[in-house]
Structures are given as structure tokens and as C-alpha cells.
Amino acid sequence: MNQRKAAGPLTVGRLARELVSRAGRPMPALRCYESLTALWVRVCDTGLPGAGLLQVKTLRTARRLTAGEDTVIAPSRECVPGRLLGDESLVRMPASLAVQGVEWQDTTALAERWLQTNTETKPVLVAGVRTGGAYLAPLVAAQLKAAGVDTLLTSVRPGGGGPPLTTGRNVLLVDDPPLTGRTLLALAKEVAGPGGVEVLVPVFTEDDVRPLRDAGVQVTVLPRERWQSTRRLQPNALASYMDTCAEWLGPEHRTPAVVGVVPGRENSALTPWPGVRHRSPARAVVRLRTAGGVQRAVAGWVPPGIFGDAARATATEVSSPVPPATLAVGRALVLSEELRLGSPLGPDPEHHLLEEAVDYVLARAEQLPVETTARTPIPAVLHTLAQALHAGTATDTAATAQRLHHLLAAHAPTLPDNRCEAEKWLIDDNGRLRKTGHLTHAYRRDNELLTPLIDLAALSVAFGRDLQDIAESVERRLGGKAWHAALAVALLCYGMARGEQLPRTYNPERAAEAAVEAFRLQRGMGNAAVLLQKVLRYGETGPDSAAPRVVNRWQRPPDALVQPRLPFDGAPAAEEGTGLTAAESKKTESAVATWAGQRFLPVHRGDTLLLAPLGSPARWPEAETSLTELASLLPHPQQLFWCGVPAVRLQEAP
């Protein structure tokens with residue numbers, strides 16, 4: 001078997017070294033621009049010297065890019081601070097350019113919209129809101145400079161103090177598409193100077209900036225229908241793009257032709273698809289004329305610059321029957337096989353489906369190896385975990401973080417899928433296991449772990465299996481290592497990130513799925529923590545009580561109503577004691593059904609009744625208060641507990 005060439009991870013140091021190696025030579029304009037911006041953001045965040053020179057070079061490259069140049073001369077090596085050459089931390093990803101579907105041309109269009117409504121302009125200070133806004137702001141500044149506007153450039157991080165204001169300059173805050181607008185509103189108040197403050201942002205909907213406008217802040221937006229990624233999926237534009245910019249894969253002797261879109265599956269940015277979140281990148285189902293006849297395929301966005309390298313590598317390198325087959329790859333678009341949904345994964349998948357999922361994760365890992373260096377830092381999530389495992393003790397948590405890092409080294413680094421939750425798996429019309437979302441999130445700010453162990457640990461939650469089952473499955477394929485302990489580290493890291501990302505939804509079906517996932521994840525994290533404490537104590541002296549107590553069930557939600565957390569701290573629920581009588585179990589179900597109303601959806605999982613909240617997260621504190629009322633209605637108040645989600649014990653006595 002041929003050894004795959006390891007890819008370079010998207011680290012600050014790798015980008016810095018690439019720029020230095022190309023100094024004075026041509027390189028793609030977009031790659032040069034995004035690389036310089038990444039270094040500028042890193043220097044601003046760390047306080048290293050050199051931010052001024054990097055800003056100048058970034059703005060100069062932005063001006064060439066917006067002027068239509070595809071290739072630029074890389075700047076001299078003197079503009080790259082030496083300390084960045086060895087900085088192996090992952091680049092902080094801008095949500096707009098890396099995930100949401102915004103492209104650099106959209107930023108210049110945003111600047112043009114501002115110019116159309118500001119014909120008599122005074123000097124401005126363009127301030128990019130780090131991280132995402134700092135990638136957009138130089139492009140805005142370049143466009144304004146080209147139009148003759150007296151423009152300065154800076155960046156600012158919310159809560160970190162405002163940009164250096166120049167008397168009389170109008171501050172233009174530039175950022176990613178806002179979620180609620182509240183952060184931008186607070187920042188607008190913080191940095192407002194004598195010249196006033198405005199906001200320039202791409203938006204999914206106009207409602208995204210309503211709080212800003214209600215507060216009197218002038219806002220310029222670029223609506224989603226005018227984004228480059230949306231317009232590219234219009235039938236004529238898509239056909240032209242595929243003809244000129246895409247590389248077709250496979251044995252076709254004749255290049256397929258796009259002959260139209262499928263009704264009901266048109267451009268998802270303009271005609272929302274059922275079940276697709278409105279902030280997901282645009283996609284469309286198209287009809288292709290091939291040598292074998294007409295077939296359907298999905299055209300989906302990928303970032304055209306450095307943030308799409310991993311997606312394009314995945315599309316071309318991963319060979320597996322589980323994800324959709326790749327048909328063609330362009331800089332900003334991948335055309336894939338359409339998956340026909342037979343059924344969702346379901347709450348209790350058959351064992352052979354789990355085995356197929358493990359095969360996919362390990363095949364992907366073999367096909368997408370990642371380079372490593374001796375300078376690779378221990379990810380922050382492992383330090384957080386080490387501190388939690390030894391809270392209240394005198395243990396050296398730095399040494400523990402190193403041990404956790406060593407456990408994860410059981411498998412070589414790879415580009416992980418990072419989307420192995422249950423909602424990404426399905427059973428197709430032919431009864432085969434399939435998967436979606438495999439191109440999206442190779443790099444994540446919330447864990448920075450480039451390992452397939454994260455995906456394998458996630459399978460235990462998605463497929464409802466013990467972590468030991470996953471460990472045994474991996475051992476059968478790769479041989480005997482301490483897989484169980486390594487997967488325990490991975491599950492705790494995965495759980496910290498996933499707990500923040502669980503869907504907050506009004507849809508009863510999705511609310512039920514989120515409740516089941518939260519319950520499984522919290523139980524799994526508890527078991528993983530117990531195992532790790534044993535592993536970390538092995539060979540050491542001292543009482544077991546030196547480690548903090550692992551909590552599997554709480555009296556009440558320690559954080560949000562539905563949000564798995566590290567299984568430490570908080571008031572543990574009372575011991576279960578004896579089981580319920582049949583009459584008590586029946587009374588419990590009746591009491592819960594009457595009490596729940598439209599506030600909670602009861603979901604049966606074995607001997608437990610999970611309580612999935614149906615209201616918005618803003619109403620969760622009120623819903624949490626109502627749990628006290630439920631406890632008084634149960635045969636035994638201690639039946640009510642929290643384990644990732646509010647739950648009620650139903651277990652009957654044997």
C-alpha cells in the first residue's frame with residue numbers, strides 16, 4: 001500500500017514559513033492575502049511586535065486582490081515576525097469565510113453599497129472585529145481607498161478595548177454575519193468616537209441587525225441573495241462555473257453537463273430546504289447529463305482560499321462507501337452524489353452499522369494524515385481537562401495534560417471529520433449506512449485536536465454504545481493499544497465542545513433527539529472520567545479521595561437546561577435506593593404527562609424519562625424553576641435528577 005503524503009495542518013507557523021519561502025516570488029493573491037491576515041490577527045491577539053508592518057502588507061495585498069489580480073509577489077521575509085515561524089497553534093477561523101459562505105468579493109460589494117449611500121465622505125477608520133471581521137476589514141478599506149476615501153485600518157476584539165481612534169474619523173466596524181447583533185451593539189457603544197460609528201456586515205436576514213438599527217446605529221448590509229456563493233448556484237452561473245472552473249473526477253470520457261436544478265431542491269439560500277439550518281452554506285441539487293444518462297448531484301460551497309484546503313483534500317482523497325462520492329471539485333464548490341434518505345439512524349442502530357462507521361473513520365484517518373512537529377503545543381482543551389481531573393488537589397496539572405496528550409498519540413494525527421453526531425448519519429434507500437457533513441469542520445477552535453479519536457468517541461454517543469465497544473472495535477482493526485483510555489480522553493474533549501453546540505430548537509422531534517444525545521453524552525463523560533482517574537492514579541501513592549468526585553447525576557441543572565458538562569462539581573442527586581412499584585411507575589408517567597404541557601416533551605429511554613424543553617433558550621430559566629413543581633408531584637422527589645438534560649427515574653423494583 002502506498003504511503004499517503006501527510007498534509008500540513010493550518011497552523012500559524014506553517015503559513016508564516018510558506019510566506020517566507022515564497023518571499024519575492026509570485027503566489028496566488030487570495031492565499032497571500034488570507035495568510036498575511038492570519039498572521040496579523042495572531043500578532044494582534046498575542047501582543048507580539050510587528051503588527052504595523054503586517055497590517056501594511058495585508059492592506060497592500062488586499063488592494064491588489066480587489067483590483068482583480070490573481071497573482072501577487074509575496075512580501076519580503078522581514079514582514080514576518082520570527083516568533084511566528086515556530087508557532088504551531090491552529091489558525092483562528094473566521095466564521096464568514098470558513099463556514100458561512102461569505103467570499104472576499106462579497107466584502108468589496110459591501111464596501112460599494114456603503115459608498116453608494118455616502119457620496120460625501122469624511123475620513124474613516126475601518127475596524128475589523130477579530131477574528132472574522134479582521135479578514136474582511138482590509139478588503140473594505142482597500143475598496144474605500146480605491147474610491148478616494150481617506151481611510152485608516154485597525155482591528156479590535158470585543159471586550160478588549162476599542163481601536164485607537166483618530167479625531168474626526170468615522171469608525172466603520174466590519175464583522176462576520178451577526179447572530180443577534182448584541183455583541184456588535186455593545187462594541188459600537190464602546191468604540192464610538194467624535195466622528196461617530198457605523199457597522200458594515202454581510203447578513204443572512206435583515207433581522208440579524210435589528211438591535212443595531214433599533215439603537216440608532218447606521219448599518220450597511222449585504223443580503224445573502226447577493227453573496228457570491230448564492231449567485232454561483234443559479235442555473236446558468238453554475239453551468240458556466242462547472243465548465244470552466246471544475247475538475248471532474250471518475251472514468252467519464254465526456255465531461256458531464258449541468259442541465260438544470262431539481263424542483264424543491266433549488267438554491268437553499270433562496271428557497272430553504274426542510275431540515276437544513278438557514279445559516280448553513282448554500283447548496284442545490286442539479287441534474288447532470290452524463291454518458292450513462294441523467295443523474296442528480298448536490299452542488300455545495302467550500303471556501304475558495306486557505307480555509308477550503310481541507311475540504312478539497314477530503315473531497316479528492318477520501319475513498320469510502322459511506323460519504324457521498326465526489327463527482328467534481330472547484331475552488332469554491334464540490335459536486336457530490338445525492339444521498340436519497342431512506343431513514344434516520346434511529347435511537348438503537350444495529351451493531352453492523354457501528355462497525356461500518358468505525359471503518360469509515362479509520363479509512364479517512366489513513367487517507368488524510370497530518371504532519372507533526374516537535375513544537376506542536378498541547379491543546380488548551382487538555383489543560384482544561386487536566387485541571388478538572390485534579391481540581392482541589394496539589395497535583396501538577398501541566399504534567400497531567402502531557403499524559404493526556406500522550407494517550408491521544410495512540411493514533412497518528414489526521415484531519416478528523418468532526419461531524420459524527422447522530423444527525424449526520426442516515427440509512428439510504430438501499431439500506432446502507434451513509435453520512436453527510438464530511439467536508440465541513442476539519443479544524444475546530446473548541447478542541448484543536450487533529451485525531452480520529454474524536455470521531456470514534458462521538459460514535460459511542462451517536463450509536464448509543466459503551467466506549468469499551470468502540471475500543472474493542474478499533475483493537476480488532478489496529479491491534480492492541482490502550483484504546484479505551486485514549487478514547488476516554490477524546491470523549492471528554494468532544495463533550496466539552498459538543499455540549500455548547502447542541503441544537504436549541506422548537507421542533508419537538510429535534511428537541512427529543514437533542515435530549516437523547518445530551519443524556520448519552522453526559523453518561524459517557526462520567527464513565528470516561530472514572531476510567532481516566534484510575535489510569536492517572538496507576539503507580540501513584542496516596543488516597544483515592546485526592547481526585548475530585550465524579551458526578552453522574554445532579555440534583556438540578558448546574559449550567560444550562562440541556563448542556564452536557566465535565567462531570568465534576570455541583571450537588572449530586574440522591575442515591576436511587578429501591579425501585580418503584582408498578583403503581584408508582586404508572587403514577588410517575590401520568591404526573592409528568594400532566595405537568596409537561598407545552599413546556600417539555602417526555603422522551604422514554606429505558607428506565608428513564610427524559611424531559612426535552614420545547615421553549616426558546618431564553619425561557620429555560622423559567623422552565624427550570626417549574627421542575628420544583630414536578631418534584632412535588634412525583635411519588636419520590638428524588639426521582640427527578642439532571643444528567644445532561646432533566647430526567648425522571650422510572651425503574652421498577654425487581
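## Sheets, salt bridges and a buried glutamine

Leaving aside its neighbours within four places in sequence, Gln100 is in contact (heavy atoms within 4.5 Å) with Ala95, Asp176, Pro177, Phe204, Trp227, Arg279, Pro281 and Trp301. This is a predicted model, in which local features need pLDDT of at least 70 and side-chain atom pairs count only at pLDDT 80 or more, while totals for chains, interfaces and linings use all residues. Residues are numbered from 1 along each chain as its sequence is written, and side-chain values use heavy atoms, with hydrogens and water left out.

### Gln100

Gln100 belongs to helix α4. Helices (H or I, at least four residues) and strands (E, at least two) are DSSP runs, numbered from the N terminus. With a relative accessible area of 12%, Gln100 is buried. Buried means under 20% relative accessible area, exposed over 50%, and partly exposed in between (1.4 Å probe, protein chains only). The Gln100 side chain also reaches the backbone nitrogen of Ser96 at 3.5 Å. A polar contact is a pair of N or O atoms within 3.5 Å; within protein, one must be able to donate a hydrogen and the other to accept it, and residues adjacent in sequence count only if both atoms are side-chain atoms.

### The parallel sheet

Five strands make an open sheet with parallel pairing, in the order β4-β3-β5-β6-β7. Its edge strands are β4 (151–156) and β7 (218–223), each pairing on one side only. Neighbouring strands are turned by 20 degrees against each other on average, direction ignored. Two strands pair if DSSP finds at least two bridges between them.

Strand β5 (residues 170–174) has 5 of its 5 residues buried, so it is largely enclosed by the rest of the structure. In a regular strand the side chains alternate between the two faces of the sheet. In β5, Asn170, Leu172 and Val174 point one way, Val171 and Leu173 the other, and all are buried.

Strand β3 (residues 124–129) runs parallel to β5 and is joined to it by 5 bridges. Here Leu125 has Val171 of β5 as its bridge partner. Strand β6 (residues 197–203) also pairs with β5 in the parallel sense, over 4 bridges. Leu172 has Glu198 of β6 as its bridge partner. From β5 the chain crosses through helix α7 (residues 182–191) to β6, and this β-α-β crossover is right-handed. The term means that, with the strands pointing away from the viewer, the path from the first strand over the helix to the second runs clockwise. Val171 stands opposite Val197 in β6. Helix α7 packs on the sheet and touches β3, β4, β5 and β6; its direction makes about 155 degrees with that of β5. Axes are lines fitted to C-alpha atoms, for helices over the stretch in contact, and angles run from 0 to 180 degrees between N-to-C directions.

### The antiparallel sheet

Another open sheet has 3 strands in the order β14-β15-β16, with antiparallel pairing. The edge strands, β14 and β16 (433–435), each pair on one side only. The twist averages 45 degrees from one strand to the next. Strand β15 (residues 425–428) pairs with β16 over 3 bridges in the antiparallel sense. Ile427 has Leu433 of β16 as its bridge partner. Helix α12 (residues 351–367) lies across β15 and β16, running at about 40 degrees to β16.

### Salt bridges

Side chains of opposite charge can pair when their charged atoms come close. A search of the whole structure finds 32 salt bridges. The term covers a side-chain nitrogen of Lys or Arg within 4 Å of a carboxyl oxygen of Asp or Glu. Some examples follow.

| Pair | N to O distance |
|---|---|
| Arg31 and Asp309 | 2.9 Å |
| Glu103 and Arg232 | 2.8 Å |
| Glu338 and Arg296 | 2.7 Å |

Arg31 and Asp309 meet in a salt bridge. Arg31 lies in helix α2 (residues 29–46) and Asp309 in helix α11 (residues 309–317), so the pair ties together parts 278 residues apart in sequence. Arg31 counts as buried at 16% relative accessibility, while Asp309 is partly exposed at 27%.

Glu103 forms a salt bridge with Arg232. Glu103 sits in the loop between α4 (95–100) and α5 (104–117), and Arg232 in the loop between α9 (228–231) and α10 (235–245), so this pair ties together parts 129 residues apart in sequence. Both Glu103 and Arg232 are buried.

Glu338 forms a salt bridge with Arg296. The pair links distant parts of the chain, 42 residues apart: Glu338 is in the loop between β13 (333–337) and β14 (341–344), and Arg296 in strand β11 (residues 293–301). Glu338 is buried at 15% relative accessibility; Arg296 is partly exposed at 31%.

A network of salt bridges links Arg419, Glu421, Glu423, Arg498, Arg510, Glu513 and Glu517.
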